[in-house]
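Let's take a walk through this model together, starting at one spot on its surface and then stepping back to see the whole chain.

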Amino acid sequence: MELAMAAEELKTVVNRLRRAQGQIAGVIKMIEEGRDCEDVVTQLAAASRALDKAGFAIIATGLQHCLTDEDMAASGDREQMRNRLEKLFLSLA
């Protein structure tokens, strides 16, 4: 399944990934500075949520693309695609 996303969707995903990247850099800095454990875990949880949201957005776009792809429905690969998308969703759970 190729990643075909509209420009606006792609921008949103990239922004989420950049936010997560900044949060992870912040977590590393906090650990190096010996910051409070609760603050570190809170920041790490925020980075994890940002990554999850980006992943779900990518999967949702793939799902939308697959459901509207008439060639996919006509070829009988719908069940195989459903299994692949389910596996992707579960990988983020």
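L51 sits in helix α2, which covers residues 37-68; helices here are DSSP runs of H or I with at least four residues, strands are runs of E with at least two, and both are numbered from the N terminus. L51 is partly exposed, because its relative accessible area is 39%, and the class runs between buried (under 20%) and exposed (over 50%), using a 1.4 Å probe and protein chains only.

This is a predicted model, in which local features need pLDDT of at least 70, side-chain atom pairs count only at pLDDT 80 or more, and totals for chains, interfaces and linings use all residues. Residues are numbered from 1 along each chain as its sequence is written, and side-chain values use heavy atoms, leaving out hydrogens and water.

Together with L17, I24 and I28, L51 makes a nonpolar surface patch of about 310 Å². Helix α1 (residues 7-32) gives the most to this patch, with three residues. Patch members have over 30% relative accessible area and no salt bridge, and nonpolar side chains (Val, Leu, Ile, Met, Phe, Trp, Tyr) are joined within 5 Å. A salt bridge would be a side-chain nitrogen of Lys or Arg within 4 Å of a carboxyl oxygen of Asp or Glu.

Helix α2 also holds A60. A60 and L85 lie 25 residues apart in sequence, with their C-alpha atoms 9.0 Å apart in space.

Stepping back, the protein has four helices and zero strands, in the order α-α-α-α along the sequence. Of its 93 residues, 22% count as buried.

Note on methods: Patch = residues over 30% accessible without salt bridge, like charges linked within 9 Å, V, L, I, M, F, W, Y side chains within 5 Å. Areas by Shrake-Rupley, 256 points an atom, 1.4 Å probe, with all protein chains shown as cover.
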